Amino acid sequence: MNRVRLLVLNAALGPLDYKLAEGMRVEAGSVVVAPLGPRTVTGIVWDEGRLPGVEVDAKKLRALREVVPVPPLSAPLRRLIEWTADYYCAPLASVARMVLSSGGALGGPTTMTEYRLSGGTPERMTPQRITAIEALEGEQGTIRELSGIAGVSEGVLRGLVNQGVIEPVEVAIDRPYPPADPDYHQPALSEDQMRVAKTLVEAVEARSFEPFLLDGVTGSGKTETYFEPVAEAIRMGRQVLVLLPEIALTENFLSRFEDRFGAAPVQWHSSLKSTERRRAWRAIAEGSAQVIVGARSALFLPYANLGLIVVDEAHEISFKQDDGVRYNARDVSVMRARFEGIPVVLASATPALESLHMANSGTYTKLELPSRFGGAQLPEIKLVDLTIEKPASGQWLAAPLIEGIEARLEAGEQSLLFLNRRGYAPLTLCRNCGHRFQCPNCSAWLVEHRLSSRLACHHCGLETRPPQACPECGEADCLVACGPGVERIADEVAALFPEARVSVATSDTLGTPERAAEFLAQVQAKAIDVIVGTQLVTKGFHFTELTLVGVVDADLGLEGGDLRAAERTYQQVAQVAGRAGRGSKPGEVLIQTRHPEAAVIAALADGDRDAFYEAETEARRDAGAPPFGRWAQIILSSEDEREARQSAARLGDTRPHLDDVMILGPAPAPMALLRNRYRYRFLVNARRSANLQATLRDWLDTQDFPPGIRVGVDIDPYSFV
């Protein structure tokens, strides 16, 4: 075969045909560089007959420039790319770009220069040089990276290089990772853990596709249990992928992994340096990386010999990508395991209703860990009715919760307060004229962050300093914070208990693995008495001295237009409740609510998860909602409001009329303005019998949208803003 069809990494181009240069050999999956006009493009040689395209006369074909020196993408990975693009109505090229996400990895072997302290002293000490030398002890990296670590300019560091205080070191970028030892430390497992681990180990040995739902209560030792099949995969020389929902969980997981296997796993997430991404990508593609721990994007890496996939905290909505290719890593993990012919484990204490339905129908094998490890008891849960136990004026903590914190402080134990709202207050207004501070780019209020002295939009990232005077009426010192955020709750705790050591735990304060590691170390050293946190603290953390959890506002998640609001509220509150009493001391959970009669709140109080899921399942069945029906949404956006509105109206006029598909809209999206773009939404509800993706593609393909219009299709949406 002298001609090939390429999937190029540009969705606007479509597949392109080329011929092979003399003596060049390629196979399906080979990554190549091809000429396109005066420039070159990267592409993937695709299987013959699987990409549509017009057959070009062989005489007009240009020759490929070169074959990139990386292993070809495997057939299972190519099938995954095709399935993901088809299911999520995304361009093939956009999915393929996620596979080749490290451009630096496509080059050949190379070295780089890093720098470290030499042990020498400069001729003249300055405050900045002292700061740099103290901060860089034990560190090694590029000048730019060391500058960020030390908090000094690159010029200061280059001056230290010139004086020999910092020395250059030549390092191989692709040096191998330390190997994990499956028998480094064998923990003592409970009978339930051994039973589940044995089943999973046998599945790894069988080398066949089988999806498992590992359903274990908080503190039951799910991680230690699935480490056993991980160990078996390592013994067999196969690779393992463990997906985590949050980067802040990585450090906690890494320490547990290293205790078990004697070496850290390979990491993959957005905070890695470009050289680290290159090193990880190449080790994964060549098969030397044994266990990979990463965020959802790690799912599309080119594993050479994958033997097991684990999705930890599989219910988490952060596994759903909300822009670009809008995939759900939980569901795509199952499909990757199917194409690879390997087992996949979805682990959670509060599984998604869809996952439970698949387990109850027999599609997934359900494995249960019904009790906490080591005899620890589940915490006692109590409701605090805020219509009766009203907090003092201007405060948000009711008397029972204040008394609970006080008792823990006296006992030398730790407390956790949960409120899923970052910042100090969700709304700032002028007490003189009532002016509300709104984001100029989005239909959202600016959130006050007093720790950073900023007003911030949590949707577009805009930040600005709070003004000295109201921009509307000019009144000075008139700004009023409305409603609570975690910073405000932390201030309230500090005012009530001046001696308490309070820490705020959010994505703002724990945004990097290093910050998360520092936070974990402080909690474990009992240097923190009260943690005030958002959903970030609901998962993965194991604090043995934490005996009280207070949910500041359990009703918050039930507000708004989230079609999964009840399920998500149950999951969040149940997960954060599970942080209490994980050691030898009993735990207590106090849930503040104004609606104790609500089904989800009552189920939490009674500890009756099954009753809640049964009721929610029937409600979903009646509404034709997942897992009994399908949802999708289409959002049209433009910088011109009129263009967005008219384009949405024209699309609505051509909607298909089918018995098994209901299309609602167009209407302004709940977030009608986002990042300076006006948005109109269609919400689609389809029966399981409908070919939803084909219906949407056929409908959208008939349209000729103006250049300023962006069309976003979200299959199985989790965000409804």
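This is a predicted model: local features need pLDDT of at least 70, side-chain atom pairs count only at pLDDT 80 or more; totals for chains, interfaces and linings use all residues.
**Entry 1: Asp215**

Leaving aside neighbours within four places in sequence, Asp215 is in contact with Ser348, Ala349, Pro351, Leu356, Lys366, Leu367, Glu368, Leu369 and Arg609. I then checked where Asp215 sits, and found it in strand E8, residues 210–216. Is Asp215 buried or exposed? Its relative accessibility is 6%. The cut-off for buried is under 20%, so Asp215 counts as buried. The side chain of Asp215 makes a polar contact with the side chain of Arg609, at 2.6 Å.

**Entry 2: the sheet**

Next I traced a sheet. It is open and has 6 strands, in the order E15-E25-E24-E16-E23-E22. The pairing is parallel. Which strands are at the edges? They are E15 (380–385) and E22, and each pairs on one side only. From one strand to the next, the twist averages 20 degrees.

I followed one pair inside this order. E16 and E24 (residues 546–551) pair in the parallel sense over 5 bridges. Ser415 stands opposite Leu548 in E24. Then I looked for what lies across these strands. Helix H15 (residues 565–577) lies across E16, E24 and E25 (588–593). H15 runs at about 155 degrees to E24.

**Entry 3: Gln414**

I stayed on strand E16, where Gln414 has its place. Gln414 has a relative accessible area of 3%, so it is buried. What does its side chain meet? A polar atom of the Gln414 side chain lies 2.9 Å from the backbone oxygen of Ile528. I also listed residues that Gln414 touches, not counting those up to four places away in sequence. Among them are Arg408, Val523, Lys526, Ile528, Asp529 and Leu548.

**Entry 4: helix H14**

Which residues of H14 are buried? They are Pro513, Ala516, Phe519, Leu520 and Val523. Seen down the axis of H14, they fall within an arc of 120 degrees, so they line one face of the helix. I noted the reason for such spacing. An α-helix has 3.6 residues a turn, so residues three or four places apart point the same way.

I asked what covers the buried residues of H14. The cover includes helix H8 (250–261) and strands E16 (414–418), E22 (502–505) and E23 (530–533). Last, I checked just after H14, where Lys526 takes a positive phi of about 60 degrees. Lys526 is also one of the residues that Gln414 touches.

Terms used: Residues are numbered from 1 along each chain as its sequence is written. Side-chain values use heavy atoms; hydrogens and water are left out. Buried means under 20% relative accessible area, exposed over 50%, partly exposed in between (1.4 Å probe, protein chains only). Helices (H or I, at least four residues) and strands (E, at least two) are DSSP runs, numbered from the N terminus. The arc is that of the directions from the helix axis to the C-beta atoms. Contact means heavy atoms within 4.5 Å. Two strands pair if DSSP finds at least two bridges between them. Axes are lines fitted to C-alpha atoms, for helices over the stretch in contact, and angles run from 0 to 180 degrees between N-to-C directions. A polar contact is a pair of N or O atoms within 3.5 Å; within protein, one must be able to donate a hydrogen and the other to accept it, and residues adjacent in sequence count only if both atoms are side-chain atoms.
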